[in-house]
Structure formats: structure tokens, C-alpha cells
2 protein chains.
Amino acid sequence: MMTGAEVLLRTLVAHGVELCFANPGTSEMHFVAALDRVPAMRGVLCLFEGVCSGAADGYARMTGKPAATLLHLGPGLANGLANFHNARKARTPIVSLIGEHSTRHLAYDAPLTADIAAFASTVSAEVFRLASAEAMGPTAARVVSAARRYPGSIAHLIIPADFSWSPGGPIGEPVPPAPPPAPVVPPLGGAGKWGLLLGGQTTGERGLALAARLAAAGWRVLIDRNAARMTMGRGGFQPERIAYFPGPAQAQLAGLTDLVLLEAKAPVSFFGYPDEASYLAPEGCRVHELATPGQDGLAALAALAEPLPPASWDEPPALPVPPPGPLTLEALGQAIAALLPPEAILSDEMVSSGPPVLAALRHARRFDYLPVTGGSIGQGLPVAVGAAMACPGRKVVALEGDGSALYTPQAWWTMARERLDVVTVIFANRRYQILDVEMRRTGANGFGERAGAMVDIGTPPLDFVRIAEGLGVPAVRVETVEGFVEHFARCLRERGPSVIEALL
Amino acid sequence: MMTGAEVLLRTLVAHGVELCFANPGTSEMHFVAALDRVPAMRGVLCLFEGVCSGAADGYARMTGKPAATLLHLGPGLANGLANFHNARKARTPIVSLIGEHSTRHLAYDAPLTADIAAFASTVSAEVFRLASAEAMGPTAARVVSAARRYPGSIAHLIIPADFSWSPGGPIGEPVPPAPPPAPVVPPLGGAGKWGLLLGGQTTGERGLALAARLAAAGWRVLIDRNAARMTMGRGGFQPERIAYFPGPAQAQLAGLTDLVLLEAKAPVSFFGYPDEASYLAPEGCRVHELATPGQDGLAALAALAEPLPPASWDEPPALPVPPPGPLTLEALGQAIAALLPPEAILSDEMVSSGPPVLAALRHARRFDYLPVTGGSIGQGLPVAVGAAMACPGRKVVALEGDGSALYTPQAWWTMARERLDVVTVIFANRRYQILDVEMRRTGANGFGERAGAMVDIGTPPLDFVRIAEGLGVPAVRVETVEGFVEHFARCLRERGPSVIEALL
């Protein structure tokens, strides 16, 4: 006799879901027990649910296929929601399994009882509730299919505990998701100034090479700032990403008469400000949604660009390691760009420290870049966990603001436990520094003493060396360029997790 | 000209809301700026939103009045939801302020855009959305009133950023919440075996003294396991709490013909199990809901008990400090019970380590006890933050499982920053040990190697000394009874935060 939980695991494995980031509780014990009987499913324990959801996001961004998460009732799911929000904006496929009280127990409003579907629906319309133990296999198959419908979404399955411990019926037959519809590509280009905005699956190597042909033909090519994954660095075409603040973004778009969207939305600013635009395309610019996020943008791009000849582009030079001196963001960026090994994966949650570092990274060896897609910080370290699980042969570098790193530091423990090859660099400016900038933009006229305390995370100072070591990851603090270069090079050379706190 | 944000702060202060646990972002900058102009509102920065919501819960449990929380859009609120869930089950009043994009910006589905009301409604039906800057004062007044409606609830106010930065209209007039209705008390008692279950406001000193009279008259008095706050220890009547597992709880209730509820629900087990009851009262037992959670249970109890004479009870003896030896839960409990100073406040998130320690604590000096009300771990340290802010002259002791402590360790930083007088004791058994027990109960037949790994949090071992020190709190590890006694006594003597990792 197979329990429902075992049927669930076997169905997931049959559909290619072979990894589960878990923070289980009582209602998930039969799922955990079934791990002993289904060795093809790998369970990865995380000490906080936001690590699970963020890791599943990072894994799917790198593999294109969903991992599962296993969370404990409504409050466990709640702790995963912020990173599910980021995954939703990234259009990442995830199979989210949530244990529920046994059906008989639900009538009694026990302490952990809550409306799980209400929690789940905040980040996805795909919420399934298992109706019986016998239905486990077919329902799980539909859940995986829903998660994988192009471009990908979070599909939740709420599983009452008794359906996990009862006999479970047949394993679910695979339900292959429909391929994305190929968009109709009308003749575009010609008179006027044409722009192309790349998103979704068009920001990888193939899409960029195709887009380079359009750039050579006079198109202005830009990348959706919030695309889930982009290929960057020397050795390929590197269009600019849409800038964070409205003014610079408007300058990037100025003069366009036509903007073609590929799996991207017309660009809007991150926040609204009293005297600045939210919608960033110039007045009168015609917007052509050539491929929606649910359509095959790469096919559309190919139809548009393949008639044009292959293109070359100006290649930025490699940078030398910077000279000794005090730490600056520019020097840190140059050092990372100079030392980054081939095929690295970068998870970026630098926030205010980002611009100078990202400018330098145009000079690095080709790498995959994973930004924060939904604006909710606390995803950088979990996404690095998932990317490292997805690509065991590649070096993962997590670039973190000190404020950002403190939302989900538990990710370090999973890195240590799974011996993941991730170097974390903390940009320790000891402030929520982005808010210094935002404060001025919103017209709030700077900080007095009491307001300023609300962005001061340096009183008392955070000691990331101890925090990381406490969670099982070796760590070092550096205060000079030469110190950073020495330790960053060493961490890249060695395998396994490490943390460098760069004190700015 | 007062901004909407300043009107909000002044309205809150006028209604007695003088403390705000904040993790702000761009959309909350005008609220932060207004702190400079409204010194009566104290802002307390937390590095993770679950610390804010848990701290507001602890503050209100100790003061009876709401604090505010200030969170950043949907994902910021999401990170606070698990502890809001606990606060909802505790029936705690909280004024939850959530910044939203400016109204004009909302049309554009920016990265951080999400359905904030959907997130908020998972933990409360009281969700207000500000309609204009001019309405800030009156709306905020209604929000505070909703939070304070007996027995208390989480009232959310969603505040579009432009309503914070625009001129804000009048300060809101106080809207006093209606007092709780006094229940009608029919004649109760007499033939049969009567039981009394205390919850809500009846579990403090006055309620217990009244309940003692009924106990002396032959009633069986018990306490709702999930009541928000209880007075415990020597020097007052100490009824048993309803036990965690069904069997022992059924034994506590066995033989009752009638059970009278005061601001409590008929007892149910925490989880449902294959072969055990969810509903715990014996078959045929009549249940009398004398006071619902929304009624004045203390008035009902007084009507019931005041005709009876004052009662005495068997007082447990004070315990000596335990002799030197290896650490056991029994010895730790005895040491804590022996050393606990007068009027201490205990935040309990010991989970599996709890029973022997709580048994010993019946012998401690009288203290206030704050349990996990909604079953979502990660509240113990934040609740201790709030309790310490509420009661600056009293010692707070947070008793934490090692697994539990890792959900919201960021609370330690706020303890360090605000110099809060909190001693944390970590019961480090290096497992999610409660799941060993639960696994057997759910019939899942114990753990093999792969399943067992999902409850093993000791590979690699967590070093709580480094984690706490990294967050600014001095810490020590002990492995013997004499080591614990020495350091616990020292931490109680000194003021300010400290952590003791007790390695079991």
C-alpha cells in the first residue's frame, strides 16, 4: 500500500520535479517519511520558509523546470510569500506544497488553522485543494502542469494530512503543458526611431545575439530591468537595462517613435514620486506588444531578426585587478569583474551599492545574472542557494546589501549543509542607504535625528563574520581593496560556501 | 501645512498609540520624516517584519493597548503575517500601517505592486484603505477604534504614498471603542461535575483568585492552553493548562458533566491524528459558553464566584538551585525556577523542551507567561522585544528552542539597539525534536536516513553564541548545570540583553 504522500512524491518525480526545499511540520510528516521510499526526490531542509521559496525561484530560473517547496500550514506559507511574490514577478514555475490539518480536524479552529487558500492566492491564481487521497496522483499532475504553463507560475497544492497518510490511488499520468503560442509577427521597423525591450526568455545568449542584429540595423535595444535572468559580461551583446529612477530611464527611451515589447511590459518606474512620471516611454511613442509574457518571445524575435545579417558589437575590455587602497564600490566592482571565473552566476541584491558594481561587471567574463524581480529584498541569498543546487559545476556569487542580507540569513545554513559553491559579498555601508536617496526623491527633505535612526542599521553594528560563522559558513571581513582581492580570489579558488564582509 | 503622514502620527498619539515597530521603505518615507516632528511617537527599527508584528503582539499583551507596526507594501506585510496570525489567535490589538504605491502609480503594475488587502485579510477582517489625504485623521481614528474593540484585533490601514506626502486635513477625533457586553450569568453549578475553562482576560491575578473560590467549591478549573497571557508561579492559584496532546488533555477533562467557558473555546487538540480525538471534552459533557471572546469574561467570573468565600490553595515550595551535573531539562527548569526574580515576564517558545521546564516553573516566584498562541514559531523573541518595551522595569526571559529561534533571530538586534532587559535561553537539542514525537503520532513509523535529515538541524551545528554576538547581544554557551546557574544568575543581575545557549 502506498500512502498518498508516497503517490505525491512518485508523481512529482515522474513529471521531472526532483528537488524539494522543505521546512516541514506535523502535517507534512508523511511526506517526509516517504522521502525514505522515493530516493529520486531530494529533500533540502531550510530553517526559514522564505529560503525555500527563494531557492525554488533560483533553481527554476537556472534550469527552466520547477522545484517543489514544502511548507507548514498557513503561517508557514506566509513566511514564504515575499519570495513567492518575487517568483511571481519573475514568472518562475514552482510547485508549492502546503500541509493542512486533517479534514476532520478542520472543523475545530485549532491554533494553526487559517485560510491557506487566501494566503496562497496572494501570489498565484493557481491554488488547488486536494479533494481525496485517491485523487493525489492526478491532482499533483495537474499542479505540475499548471506550474509549467509558459512562461511559468507558482501552483499551490493544499494537502490535508489525512490524504497524506491514507492509501493514495494511482500515480498521476503526465499532463504536458501546452507550448506557448507563437505570436504573429507583422513587418516592423522602417520610418521613425524603433526600440526593442527584451524580457522573459529573450534575455539569454540566443535572444541577445538576435537582438544584436536589430541593434546593428539601428534599433535601440534595452532589457526589462526585472527580467528573471540575463546573460551579461564580455563575449556577447550587452544591451542596457532600463534604469531604476525615472529620469535616467526616460533618457534611455527618449526619441523613440515605436517600442516593441518581447515578453515585457511597457517600462514603468519602480516607485511613484510627487513630480516624476510613472510611465516612462516618451509621449506619442507607439507601443507594440509583439509577444506577451505568455507567448514565445524568442520565436518572435527570431522572425524579426533572422532576415538581418549577424552582427558584431563594441566589446568592453577586460579589467585588471584594482590597485591597493581604501574600499570603494568602484574598486569592488573592478575586482569582481577582473576575477569572476567563466560561467559564473550572480545573484544581485546590492540595492544602493549596485550601479558602480554593475557598470564594472560589463567588463567581466560572460555570466548569468539574477536580479530581484519583485522588489522584495531577502531573495538574494535564497536564490543563490537554488542556483547552486541547479548548477553544481558553476560558481555562484551573491552580492548583498547589509540590510538585504538580514531578511533571510538562514540561507547560509543551507549553503553550509549542502556544501554549495556560493561566495557571498556583503556591501556593508551600515545603512538602509537606498532610503537616503528615496527620502529626497519623495520630497521628505532629509532626515532629522529621530527619522535618521529609522535607516541606521549600524547602531549597533552588524557583525556578518559572526552571523555567517554561527550559521556554519566561514567568513572574513575586509577593509581594503587588497584584502578584498586576496580573499575573493581565494574564495573563488576554493569550493564551498564563504562570506566576505566588505566594510565600506 | 501638515502632511498626511504627520496627521496620522498625531492622530495615533492622540489615541494612545505611542510606539511603532517599523521596517520602512520608500512608500513610508513621509511617515519616517514625520517622526522628527512628532516626538511623542517612538519609532523602533526592526530588521525583519516578523519582528515588528511579534513585538507589537508582546507589547499589547503586557499593556492592553495597541502599538503600531509600519511595513512596506504587500511583501513587507507578508513577512509580518506569521506573527500577525499568532496575534490574531491571541486577540491582540495592533494598528498595522502599510505603505502603498501612490494612487497614480498603481495603474502600472510596478514590481512591488501586489494586492495588499488580500495579504492583510488573511489575518484580520479589519482592512481599511485610505481614500484621500484629507481623510487621514478620521480614518486613522476608526482604525485605532477597530483595533481596540474588545477583546482586540489587528486593524490594517493601507496608505497610498501620495496621501502621506499631501496636506493631511484634521487630526482624527478619538472614537472610543464600546466596552464589552457583560454576559448574563444564569445559576450554574450544583449536580454533576462542573469544570471551568479560563481564557482571555480571566487568566490574570484577579481572574485566578476568583477561580480559586470555585475550585474550593469543587469545580475543576483549567486554563486555555492558548490564552495570550497567564499569571503563574508561587503566590497565586495555578490551575493546569489544557495539555498539548489529546490523551493527557482528555484525562484532564474526564468525568466532567458540564464545562463553562470564559472567553475560551471548547478545547480541541493542536493537530488531528489518525486514531485520536480532535474534540477533547468527554461525550455527553454539556458546554456552557458563559462569556464569548467578545464578552467581559471577568465580569461573568465575578458574578459566578463572588458569592463564594475567598479560597486558599496548596502552594508549591520554592526550589533550591540544582546541584552541579550534566544539563537536563529538569535541571534547567529547576535553575530557572529557583533564580527567577520577582515580576518576571516569560516568553515561551521551548516547544518539545517545554513540559519539564514548565512543571518546575510552578515553583518560581509569580511571573507573567506569554505562550505561542497560534502555533507559528518565530514569535518568542519578537514577543520578548515587545514585552520589554512595555515593561522597562521588569526582567524578560525568552525560553527558545533552537529551531524556533532561527525563524526571527533579527529580534536580538533590536534588543541590543534598544538595550532591552531580556535574557534568552536557547534549549539546543539540535533537532526539530517535536517532530520526532509527532512523526510517531501520525503513524509515519519513524525516520530513515533521508527522512531523518529533515528534522536534523545539527548538521552543521548552529552556533548561537556567534549568531547573537553578530547581532549585537553578548552570549555564552553552557554545557553543565553549574555553568548555567552561574551565567543565568549573572544575566539576571545585569541589565540589558544576553543569550545563553544551553547545549543539551
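Two strands count as paired if DSSP finds at least two bridges between them. The model toured here is predicted.

**Stop 1: the sheet in chain A.** Select β13 (residues 344-349) and β14 (residues 367-370) of chain A; these strands pair in the parallel sense over 4 bridges. Pick Leu346(A) and look across to β14(A), where its bridge partner is Tyr369(A).

Now widen the selection to the whole open sheet of chain A, which has 7 strands in the order β9-β14-β13-β15-β16-β18-β17 with mixed pairing.

Stop 2: Show chains A and B together. Chain B superposes on chain A by a rotation of 180 degrees with 0.0 Å of shift along the axis, at RMSD 0.0 Å. The two copies are therefore related as by a two-fold rotation axis. The same surface serves both copies, as 99% of the contact residues of chain B recur in chain A.

**Stop 3: α4 against α4.** Select residues 73-90, helix α4, in chains A and B; the two axes come within 8 Å and cross at roughly 170 degrees. α4(A) is therefore roughly antiparallel to α4(B), since angles over 145 degrees count as such. Among the residues that meet are Gly74(A), Leu81(A) and His85(A) in α4(A), and Gly74(B), Leu81(B) and His85(B) in α4(B). The residues of this contact divide into 8 nonpolar, 6 polar and no charged.

Conventions: Residues are numbered from 1 along each chain as its sequence is written. Chains are lettered from A and ligands numbered from 1 in the order in which they are written. This is a predicted model: local features need pLDDT of at least 70, side-chain atom pairs count only at pLDDT 80 or more; totals for chains, interfaces and linings use all residues. Copies are superposed by least squares on the C-alpha atoms of residues with pLDDT of at least 70 in both. Two residues are in contact if their C-beta atoms, placed from the backbone, lie within 7 Å. Axes are lines fitted to C-alpha atoms, for helices over the stretch in contact, and angles run from 0 to 180 degrees between N-to-C directions. Helices (H or I, at least four residues) and strands (E, at least two) are DSSP runs, numbered from the N terminus. Angles under 35 degrees count as roughly parallel, over 145 as roughly antiparallel, 65 to 115 as roughly perpendicular and the rest as oblique. Ala, Val, Leu, Ile, Met, Phe, Trp, Tyr, Cys and Pro count as nonpolar, Asp, Glu, Lys and Arg as charged, and the others, Gly among them, as polar.
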